[in-house]
Amino acid sequence: MAFSSATKLVAVVVAAMVGGALCKMGDKPGPNITASYSGKWLDAMATFYGSDPRGAAPDDHGGACGYKDVDKAPFDGMTGCGNEPIFKDGLGCGSCYELRCKEPAECSGEPIQIKITDKNYEHIAPYHFDLSGKAFGAMAKKGLEDKLRKAGELQLQFRRVKCKLPSGTKIAFHVEKGSNEMYLALLVKFVSGDGNIVAVDIKPKGSDEFLPMKVSWGAIWRIDPKKPLKGPFSIRLTTESGGHLVQDDVIPANWKPNTVYNSKLQF
């Protein structure tokens with residue numbers, strides 16, 4: 001879809017005022033981005049969102065992946081929304097990308113790494129990142145972060161990369177509110193490597209087999225068993241490129257909803 005110069009100017013002004021939240025719909029989404037790590041740079045557009053232009057976005061420090069506290073380590077506010085070929089109905093949650101911009105003059109040209117924690121519902125290009133204000137500004141030359149944000153939207157290049165988390169970071173499981181013996185929902189957090197999980201299986205106490213969980217929404221997986229589940233639970237994870245990890249008895253017998261259980265493993 002082509003836009004006149006006047007239309008483009010309006011889009012930039014609107015994006016600058018609201019951090020990209022009201023961008024016009026653009027071209028159809030591109031092909032899904034996979035964990036091939038080819039190193040090839042692709043073209044995209046970037047905007048930013050949230051009420052704090054220097055903050056983590058969104059206002060509740062969460063997003064459509066279900067993560068919370070994305071302003072804190074290991075996310076540290078370097079986060080963003082991806083449109084559908086990046087978000088992939090939640091299966092892209094946690095994946096990492098390098099972004100760089102060369103124009104306008106405030107761009108440093110140096111790549112930054114961001115983690116996908118939210119969905120971009122209103123894309124303006126086949127690939128569109130709606131970033132936290134902090135991440136958007138991080139693409140600027142030192143001292144020019146606020147000036148770069150005034151651009152509102154940027155043309156940039158991106159590529160999928162493996163996630164690098166702080167040393168010692170282990171995978172964690174948040175048992176979601178409302179979980180009980182007949183409904184168990186888990187948020188899988190802090191995954192290195194591919195960053196995103198494409199399959200989660202659970203093995204209750206006394207069982208010889210893992211039971212498949214299904215995506216509830218975002219990075220949250222659920223199971224609705226035919227009979228009550230008894231802990232402790234072992235969890236098996238599969239990443240997009242086929243990596244597997246099994247953590248035995250990671251969720252104890254006396255587990256509670258709205259509680260985080262840390263594993264001893266990492267990809």
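Modeller: A salt bridge here is a side-chain nitrogen of Lys or Arg within 4 Å of a carboxyl oxygen of Asp or Glu. This is a predicted model, where local features need pLDDT of at least 70, side-chain atom pairs count only at pLDDT 80 or more, and totals for chains, interfaces and linings use all residues. Residues are numbered from 1 along each chain as its sequence is written, and side-chain values use heavy atoms, with hydrogens and water left out.

Biologist: How many salt bridges does the rule give?

Modeller: Side chains of opposite charge can pair when their charged atoms come close. Applied to this model, the rule gives a count of 13 salt bridges.

Biologist: Which residue meets K72 in a salt bridge, besides D71?

Modeller: D71 and K72 form a salt bridge at 3.7 Å, N to O. K72 is partly exposed at 44% relative accessibility (buried is under 20% relative accessible area, exposed over 50%, partly exposed in between, with a 1.4 Å probe and protein chains only). D71 is partly exposed too, at 30%. The other salt bridge of K72, also 3.7 Å from N to O, is with D69.

Biologist: Is K88 buried or exposed?

Modeller: K88 pairs with E240 in a salt bridge of 2.9 Å, N to O. E240 is partly exposed, at 25% relative accessibility. K88 has 12%, so by the 20% cut-off K88 counts as buried.

Biologist: How many residues apart are E240 and K88?

Modeller: Helices (H or I, at least four residues) and strands (E, at least two) are DSSP runs, numbered from the N terminus. E240 sits in the loop between β13 (233-239) and β14 (244-251), and K88 in the loop between α2 (84-87) and β3 (96-100). The pair links distant parts of the chain, and the separation is 152 residues.

Biologist: Which residues form one network through shared partners?

Modeller: Some salt bridges share partners. Those join R54, D146 and R149.

Biologist: How many charged residues are in the lining of the second largest pocket?

Modeller: A pocket is an open set of points on a 1 Å grid over the protein atoms alone, where a 1.4 Å probe fits, with protein on both sides within 12 Å along at least five of seven lines; lining residues have an atom within 4 Å of a point. The lining includes K205, D224 and K230. Asp, Glu, Lys and Arg count as charged, Ala, Val, Leu, Ile, Met, Phe, Trp, Tyr, Cys and Pro as nonpolar, and the others, Gly among them, as polar. The lining has 6 nonpolar residues and 1 polar, and the charged ones number 5.
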